[in-house]
Amino acid sequence: MPSYQQPSLEAGLAALKQGNYYAAITQLVPIANSKNQSNACLQAQVGLAMAYARTGEIAKAITLCDYLIKSSNRQVQEWAERALEQLNKVQKRHKRTRKLENGFVAFDNSLDTPLVSTTTRQQKEGIPEKNTPNPDIDIPNTTATEPVSIYWRYARRAKVWQPLRKYNSIPSRLLALGTFIAIFWVLWGLISLPMALITQILEKLPYVNPLRLLYTNPASLILFLLLVLLGLSPWLLDWLLAKFYGQQPLSQEILYSHSREALRVTQRACQLRHWTVPRLQILPMAAPIMLTYGNLPCTARIVVSQGLLEKLSDDEIATIYALALGQIGRWDFMVMSLALLVTLPVYQLYQQASTWGNKSDKQIWRWTATALSSLSYGIWCLLAGTTLLNSRFRLDSSDRYAAEITGNPNGLIRALLKIAIGIADDIKKQEHTSWQLESLNIVAPVSHQQSLCLGSIVGHLPWESFLMWENSNPYRQWFTVNNSHPLMGDRIQRISQIAHHWHLETELHLTIPESFPVKPQSFLLQIAPWLGIPLGFVLAVMFWLIWQTAYTFHLVNLKWIYDDWSFMTGFLMIGFSIGTVMRINAFFPEIKPLALQANDQLPQLLTNPFVLPVDSISVRFVGKLLGRPGISNCLSQDLILQSSTGLVKLHHLPLWGLSVTPQELIGRQIIVTGWLRRGATPWIDIQTLETQNGKIINSPHPIWSTVLAVIAQAWGAYIMLTAQSVGG
């Protein structure tokens, strides 16, 4: 079981008394959202309303007081009536102040509607209803929920501010150079491997002589092509994005109608740096997204989606354009443009092969399309993986520049969070991750993976509670190795530090716990398979030293140790196998029916900042299965559960020969049983998928882990025995 403290009423009330309101909210929300109507639940709801009022979240406090007025406890009713009267006065005063300062009311639109039912408020705030009857059907449709009302603090921007300390660009330049080298070597491997295989096949065939071209080293040709693509990247990407994504020019007049400040910021920043204004483009996408590409500032393009212009306010759009300007003129700007140019055609091959295969009626063509789409998707992942470090670290300097040039770090925080919400909404509406979101992910300001849970759970959980893991867990950075974007909690924390530097109230108040009860043993168990690799190396060195000593004293003569060092690889494989076996039981504990957590517990399960993925939580969630249909999802790369409280990524490992695949259940109500894990992206390792008519799909994660360990063990032993026989 995970070693951490559960949220407690005593801790929440103590934090409230000490004035630590955000810590109080984190502790009280799970208790207030519980299904029971005990005194502890009522006390948590009262304390939560007080904390919301103290932190300026008046709308949430009013909604909670409206609910408490219906309580059967007379004292709670009287307190809620008095509190509601005071909160309404504060809200009116805030509205008048906002009108005088800004000319508009910067509150959520739902506040302008005088009549909101108690049921709607309960759904918006995640507060349980009393006497709700249990559904009679096996799998109820839990995804049909009311739109969630989100309250924004709208913390102010700086009117006068000092420039930030100059950013050290040397590490980013080295990283950009490393990314270019990584792209080169991956392409070299992808071309050299087929050439070597074809050569070996032709050499074994009679009467056939391999082409001399197959014996040449393609390194010079690949380097030349990459340099040519680097020089032509702006115009080639113009053509690709126009043909396959519908990209169109964005006039300054249209941008001005959406955000006057964005146009002013762009022109002023370019004037200060003696640049020509980048070409403005727009994508006809409902999901909010922004990207930049080019090779020099004079060839730069800034592309935004229609959804970004519609979902963000004037000042928030300006911060995103400032973020784009912060990416231009850097070394990683041209390298990321090159990476985008290299990956997009491969992704288009995957998309077109999947579409063709789904339309084909003949089985042989479907198998061909499945193989081609799987291969192209794997190559795309490999090429996109070369940019992960660059994509993740370049956003740090871009965020700094956006905050500095606009003086609006709080606007940038709101923009990033609204982009996450918009991406999650787009996935809900389309019922899958769109091609555009995935293929453009490496250059997007917010990742579609991190937006799944972050953007969909809003309304059931305060931002600060969800993000606490992302800015306080001591081992969190280890789980971003395969992520294209930094953790949103760390990112917002850095932006908030800029706001504090300018003596501004921050949009979010992220707190860091005073103690971290995460045991190092849990982390070591988490990375046990990878720790087994250096352990195998140490054992190999010890083995080599022992036999060298024996050979020196003429005790044993194992000459193969000196002639064939491949035995070292065998030890590494055996070490990896041992680490995998050690982790299996902890990673996949037995799922007990009485310990299963339901949908409504998801927000509470994600608030704990001290859990690791190895701290498995057995869950049984009901919801709608989302994802791309057919061949485009043959690797189960896009499986998402839409529950009543949010979107969660699903991990599935298939078995061959199954009569039913998860792709066939997409769009249907299902029951997911498995292990919920909190990492950079929360996900569920599936044990079973169950439909309403009784169909069950098993996902044998423990079996596949055991198979992997056995294969690694056998492979390592084979390498050592082979080396011995060759040397002997």
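Where is Ser636 found?

## Two loop residues with positive phi

Ser636 is found in the loop between strand S5 (617-626) and strand S6 (640-642). The model is predicted. In it, phi of Ser636 is near 60 degrees. That is a positive value in a residue other than glycine. Ser636 has a relative accessible area of 8%. Buried means under 20%, so Ser636 counts as buried.

Tyr154 also has a positive phi, near 50 degrees. Tyr154, too, is a residue other than glycine. Its place is in the loop between helix H6 (118-125) and helix H7 (170-204). Is Tyr154 buried or partly exposed? The relative accessible area of Tyr154 is 21%, which makes this residue partly exposed.

## Overall make-up

The protein contains 26 helices and 10 strands. It has 728 residues, and 54% of them count as buried. The accessible surface comes to about 34500 Å². Carbon and sulfur atoms hold 60% of that surface.

## A four-stranded mixed sheet

Four strands form an open sheet in the order S1-S2-S4-S3. The pairing is mixed. Strand S1 (residues 248-249) and S2 pair in the antiparallel sense, over two bridges. Within this pairing, Gln248 stands opposite Ile282 in S2. S2 and strand S4 (residues 301-305) pair in the parallel sense, over five bridges. Here Leu280 has Ile302 in S4 as its bridge partner.

Helix H8 (residues 219-245) lies across S2, S3 and S4. H8 runs at about 145 degrees to S3. Helix H12 (residues 314-327) lies across S2, S3 and S4 as well. The angle of H12 to S3 is about 25 degrees.

## The H19-H20 packing

Helix H19 (residues 463-472) packs with helix H20 (residues 488-501). The angle is about 85 degrees, and the axes are 7 Å apart. Angles of 65 to 115 degrees count as roughly perpendicular, so H19 is roughly perpendicular to H20.

Which residues of H19 meet H20? They are Leu467, Glu470 and Asn471. On the H20 side, the residues are Met488, Gly489, Asp490, Ile492 and Gln493. The contact divides into three nonpolar, three polar and two charged residues.

Ile703 is found in helix H26 (residues 701-727). Its relative accessibility is 53%. Exposed means over 50%, so Ile703 counts as exposed.

Ile703 and Leu653 are 50 residues apart along the chain. Their C-alpha atoms are separated by 9.8 Å.

Notes
Residues numbered from 1 in each chain as written. Predicted model: local features only at pLDDT ≥ 70, side-chain atom pairs only at ≥ 80, totals over all residues. Heavy atoms only, no water. Axes fitted to C-alpha atoms, helices over the stretch in contact; angles between N-to-C directions. Parallel < 35°, antiparallel > 145°, perpendicular 65-115°, else oblique. Contact = heavy atoms within 4.5 Å. Nonpolar A, V, L, I, M, F, W, Y, C, P; charged D, E, K, R; others polar. Buried < 20%, exposed > 50% of the residue type's maximum accessible area, 1.4 Å probe, protein only. Areas by Shrake-Rupley, 256 points an atom, 1.4 Å probe, with all protein chains shown as cover. Pairing = 2+ DSSP bridges.
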